[in-house]
Amino acid sequence: SKTRVTIKYDVGFSNQIYIRGKGANLNWDKGQPLKNVKPDEWVWETDAHFTHCEFKVLINDRIYENGDNHQLNAGSNLLYTPHFY
């Protein structure tokens, strides 16, 4: 089963949302781009098998969202709006 993170955020024209983390084939050194599915909606999916994952999203793989890391379980679906600046 797929694990999915959906981000509701209007990042502005020509900008992109990325995800970084630990677990689920993520790392803290280089982000993976999310797919832009609506003007204010971004999706990241993985088929990777993992026991624990924590992550944050970034604007243009440079500006981290505020707050603590998010915890993610394999096969789950998470939808939220991040806060930046």
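Okay, let's start with a pair of strands: strand 4, residues 35-38, and strand 5 run antiparallel to each other, joined over three bridges. A quick word on terms. Strands here are DSSP runs of E with at least two residues, numbered from the N terminus, and two strands pair if DSSP finds at least two bridges between them. Before I go on, this is a predicted model, where local features need pLDDT of at least 70, side-chain atom pairs count only at pLDDT 80 or more, and totals for chains, interfaces and linings use all residues. Residues are numbered from 1 along each chain as its sequence is written, and side-chain values use heavy atoms, with hydrogens and water left out.

Back to our two strands. Strands 4 and 5 make a hairpin, with two residues between them.

Now, which strand pairs with strand 5 over six bridges? That's strand 1, residues 3-8, and this pairing is antiparallel too. Along it, valine 5 sits opposite tryptophan 44 of strand 5, and lysine 8 has glutamate 41 of strand 5 as its bridge partner.

Zoom out a bit, and you get an open sheet of four strands in the order 4-5-1-9, with mixed pairing. Strand 4 and strand 9, which is 77-80, are the edges: each has a single partner strand, so one side of each has no neighbour in the sheet. On average, neighbouring strands in this sheet are turned by 25° against each other, ignoring direction. For that angle, axes are lines fitted to C-alpha atoms, and angles run from 0 to 180 degrees between N-to-C directions.

So how covered is strand 5? Strand 5 spans residues 41-46, and five of its six residues are buried. Buried means under 20% relative accessible area, exposed means over 50%, and partly exposed is in between, using a 1.4 Å probe and protein chains only.

Next up, charges. How many salt bridges does the structure hold? Five, where a salt bridge is a side-chain nitrogen of Lys or Arg within 4 Å of a carboxyl oxygen of Asp or Glu.

Take lysine 2 and aspartate 47, whose side chains meet in a salt bridge at 3.2 Å, N to O. Lysine 2 is in the segment before strand 1 and aspartate 47 is in the loop between strand 5 and strand 6, so this pair ties together parts 45 residues apart in sequence. Lysine 2 is partly exposed at 44% relative accessibility, and aspartate 47 is partly exposed at 48%.

Then there's lysine 8 again, in a salt bridge with aspartate 40, with the closest N and O atoms 3.6 Å apart. Lysine 8 is in strand 1 and aspartate 40 in the loop between strand 4 and strand 5, so here the parts tied together are 32 residues apart in sequence. Lysine 8 is partly exposed at 26%, and aspartate 40 is partly exposed at 30%.

Are aspartate 61 and arginine 20 buried or exposed? Both are buried, and they form a salt bridge with the closest N and O atoms 2.8 Å apart. Aspartate 61 is in the loop between strand 6 and strand 7 (63-64), while arginine 20 is in strand 2 (residues 17-22), 41 residues away. And one more thing on salt bridges: those that share partners join Lys8, Asp40 and Glu41 into one network.

Now for lysine 56, in strand 6, residues 53-59. Lysine 56 is buried but has no salt bridge, and the nearest side chain of opposite charge, glutamate 65, is 6.4 Å away. When I say charge, Lys and Arg count as positive, Asp and Glu as negative, and His and the chain ends aren't counted. The lysine 56 side chain does reach the backbone oxygen of glutamate 65, at 3.4 Å. Leaving aside neighbours within four places in sequence, lysine 56 is in contact with residues including Tyr18, Arg20, Trp28 and Tyr64, contact being heavy atoms within 4.5 Å.

Last stop, serine 1, in the segment before strand 1. Serine 1 is exposed, at 80% relative accessible area. Not counting residues up to four places away in sequence, serine 1 touches Thr46 and Gly75.

Methods:
A polar contact is a pair of N or O atoms within 3.5 Å; within protein, one must be able to donate a hydrogen and the other to accept it, and residues adjacent in sequence count only if both atoms are side-chain atoms.
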